[in-house]
Amino acid sequence: MRRLTAVMTMVALLWTGSNAYASADAASPFSDIRGNWAENTIKDMVARGVLDGFADGKFRPNDPVKVDQFIKMLILSYADLHQNKERSWNETFLSSLSEDNRMILKQDYRYFDFKPSTSGFWAKPFIDVASDLHFLNKSRYSDFQANMTRENVAEVLYYTLQETEFLEDEQFSEQAAKAYGDLTSATDRERKFIAESLVKGIMVGYDNGNFGVGKIVTRAEALSLLERLTNKSKRVPIKASPEKLQRQVPTQGGGSKIVAFPDKRMWDAYDVLVQIGKVRGLNQDMLETKLRLFKDQTEKDAVQSQTAGTAKATEEATLWLDPQYNTYGITMRLRSGTFARNQESVQTFANYLFGYNASTFYPLFNSVCTDTEAGKKVESKRVVIGGDTVDIQVDAANKTVVFSISKKLEA
């Protein structure tokens with residue numbers, strides 16, 4: 001009995017020791033990352049199989065990351081690693097893609113195994129799929145073994161975000177980027193990429209007030225950036241500044257973005273749209289700086305349920321603001337009853353935009369819409385009302401009229 005107890009005790013000690021070793025190994029899988037600023041990120045991303053360590057038990061977090069390595073890491077970040085070590089595309093990632101890109105993965109890459117090529121350049125499979133999904137233009141790279149700079153990474157992030165999310169308001173991005181002193185050394189094209197990565201909260205500047213143009217990205221930094229790209233909760237958001245006429249607006253899928261308005265007139269016009277929407281009731285929604293007006297719940301459901309790249313159903317009317325071009329607009333799709341259902345909303349918007357000159361605009365609006373709905377020939381034209389130029393574009397075949405309103409240019 002004593003002998004059996006001793007054996008069981010020994011087994012228990014061996015089992016406990018084995019677990020203790022495994023826990024210690026899991027807690028610190030590499031000898032050179034303990035205390036590193038990115039230690040937790042490295043452990044998480046290594047567990048997901050995005051990047052490995054070296055045979056000597058080190059991760060080398062401060063080594064430069066190469067272009068081909070970064071592209072491989074990018075692709076693996078969008079894949080789930082299963083217990084059998086096989087991979088598959090993450091469902092959230094797939095749902096974020098356009099119909100065309102999903103078709104590319106389904107048809108052209110149906111046998112994609114997320115593994116390096118065993119003949120030829122090892123990174124070719126990852127570079128090819130990233131290129132075909134428009135995450136990068138591979139013709140721009142003459143050397144895929146070169147070190148990745150921060151502006152290189154910002155470019156890849158920009159095009160990846162363009163395909164998987166949405167791009168932020170360009171004016172707001174430019175305003176935010178001006179805070180970084182060294183961006184004057186970047187090209188206009190690079191500044192666009194950098195600004196997007198900053199306002200998305202994926203890349204951040206340094207304590208000295210610089211972005212780090214020309215600075216090499218390390219392996220640890222690359223993992224941290226890709227973690228923020230694929231996990232929005234890890235991002236470092238920039239807050240809107242109402243004093244600078246910036247505000248948070250809703251985007252497709254329940255998200256939001258910050259928009260910079262060009263002047264107080266358009267800032268207040270946004271509030272007018274919000275109030276019009278409240279009066280309209282349930283058959284409306286605000287998407288960025290557009291108030292979409294629906295015939296009924298059926299039409300609203302049809303429009304809102306569409307995924308990117310498959311838009312077919314449309315709202316019957318839209319009241320919109322274009323901050324980038326300082327333009328206001330009204331779009332009418334003249335189906336049966338459209339004019340009557342949206343008359344009050346349009347009149348409220350026109351009253352704000354034109355003031356006492358609304359009495360000139362509204363009869364013009366009425367006649368163009370009525371004649372277009374009746375199938376009469378209506379020419380596109382430009383008129384001046386008060387201090388605004390109104391461009392009227394008529395699509396007779398689809399019975400759609402667009403009124404674009406902008407400040408009159410001085411002669």
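## Pocket, cores and a strand

The second largest pocket holds about 180 Å³ of space. It is lined by 14 residues, and those closest to its centre are Gly 49, Leu 76, Lys 85, Arg 87 and Phe 114. Keep in mind that this is a predicted model.

| Class | Lining residues |
|---|---|
| Nonpolar | six residues |
| Polar | one residue |

Now for the interior. In soluble globular proteins, nonpolar side chains tend to be buried together. Here the largest nonpolar core has 62 residues, and the members touching the most others are Phe 70, Ile 71, Ile 75, Trp 89, Phe 93, Leu 105 and Phe 135.

Zoom in on Phe 70: leaving aside residues up to four places away in sequence, Phe 70 touches Val 65, Met 148, Val 153, Val 156, Ala 222 and Leu 226. There is also a second, separate core, made of 42 residues, including Leu 245, Val 272, Leu 353 and Ala 358.

One last stop is Val 384, which sits in strand β9 (residues 381–385). Beyond residues up to four places away in sequence, Val 384 is in touch with Thr 389 and Lys 408. Between the C-alpha atoms of Val 384 and Ser 406 there are 9.7 Å, with the two residues 22 apart along the chain.

Methods. Residues are numbered from 1 along each chain as its sequence is written. This is a predicted model: local features need pLDDT of at least 70, side-chain atom pairs count only at pLDDT 80 or more; totals for chains, interfaces and linings use all residues. Side-chain values use heavy atoms; hydrogens and water are left out. On a 1 Å grid over the protein atoms alone, a cavity is a set of points where a 1.4 Å probe fits but cannot get out, and a pocket is an open set with protein on both sides within 12 Å along at least five of seven lines; lining residues have an atom within 4 Å of a point. Grid points are joined across faces, edges and corners, and a volume is the space filled by probe spheres set on the points. Ala, Val, Leu, Ile, Met, Phe, Trp, Tyr, Cys and Pro count as nonpolar, Asp, Glu, Lys and Arg as charged, and the others, Gly among them, as polar. A nonpolar core is a set of buried Ala, Val, Leu, Ile, Met, Phe, Trp, Tyr and Cys residues joined through side-chain atoms within 4.5 Å. Buried means under 20% relative accessible area, exposed over 50%, partly exposed in between (1.4 Å probe, protein chains only). Contact means heavy atoms within 4.5 Å. Helices (H or I, at least four residues) and strands (E, at least two) are DSSP runs, numbered from the N terminus.
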